[in-house]
Amino acid sequence: MKIGIIGSGHIGGTLTRRLAALGHDVTVANSRGPQSLTDLAQETGATAGTLEQAAQDAELVVVAIPLLAVPGLPAEPFDGKVVVDANNYYPQRDGDIAELLDRSLSSSRWTADHLKGARVVKAFNNIQAQHLMDNGRPAGAPDRIALPIAGDDAEAKQLVMGLVDSLGFDPVDAGTLDESWRQQPDTPVYGTDRDADGVRQGLAEARP
């Protein structure tokens with residue numbers, strides 16, 4: 001697939017490495033500009049580009065940036081795209097965002113409201129970057145980690161679930177974007193390496 005990745009930090013950088021290694025055509029962008037991504041591009045074979053170049057013609061775009069930077073993203077390049085929201089809201093970093101503090105909105109719904117027209121799917125937000133890098137396993141392996149996938153668009157969600165499977169993790173349908181709070185920080189599945197049954201149990205046990 002042609003994949004754009006916005007953000008080159010822990011999760012963005014890891015997905016650039018893993019997805020490029022699987023043979024995907026990856027373009028990575030960050031807030032500092034393509035010249036800051038030369039080393040990552042040389043290491044992985046990915047293309048360093050601007051946000052617009054990463055999104056252009058991409059079948060899927062991953063957004064892995066601090067949540068506070070989301071309102072600064074232009075919505076137009078993401079219109080109609082499958083956008084994977086790998087972000088989390090951390091008040092100590094992102095500041096007070098009233099509707100996220102009181103949990104009246106999931107952080108992915110908040111992100112989708114800023115990226116009007118994008119087909120947003122929540123994924124990769126609950127796993128540690130090093131585990132995403134190192135702990136993928138073949139399908140059926142007894143120690144295979146599962147990842148929750150939430151979204152409103154069934155076709156977009158299936159695309160992301162297939163990608164998760166190809167990376168060596170069991171995708172678990174975690175419901176809609178409004179239900180994606182069940183995989184946010186301070187929930188049973190956040191930062192844990194559960195199998196598919198464990199993820200389903202953790203999602204069910206999550207409390208607002």
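Alanine 55 touches Val61, Pro77 and Lys81, leaving aside residues up to four places away in sequence; contact here means heavy atoms within 4.5 Å. The model is predicted, so local features need pLDDT of at least 70, side-chain atom pairs count only at pLDDT 80 or more, and totals for chains, interfaces and linings use all residues. Residues are numbered from 1 along each chain as its sequence is written, and side-chain values use heavy atoms, with hydrogens and water left out.

Alanine 55 sits in helix 3 (residues 51–55); helices are DSSP runs of H or I, at least four residues, and strands are runs of E, at least two, numbered from the N terminus. Its relative accessibility is 0%, so alanine 55 counts as buried (under 20% relative accessible area, with exposed over 50% and partly exposed in between, 1.4 Å probe, protein chains only).

Lysine 157 belongs to helix 8 (residues 154–166). Lysine 157 is also buried, with a relative accessible area of 8%. Apart from residues up to four places away in sequence, its contacts include Val121, Ile149 and Asp173.

UniProt, in an unreviewed entry, places the feature "domain: Pyrroline-5-carboxylate reductase catalytic N-terminal" at residues 2–89; such positions are given in the numbering used here, feature names are shortened, and annotations may be inferred rather than shown by experiment. The span of residues 2–89 is 27% helix and 23% strand, and its end C-alpha atoms lie 28 Å apart.
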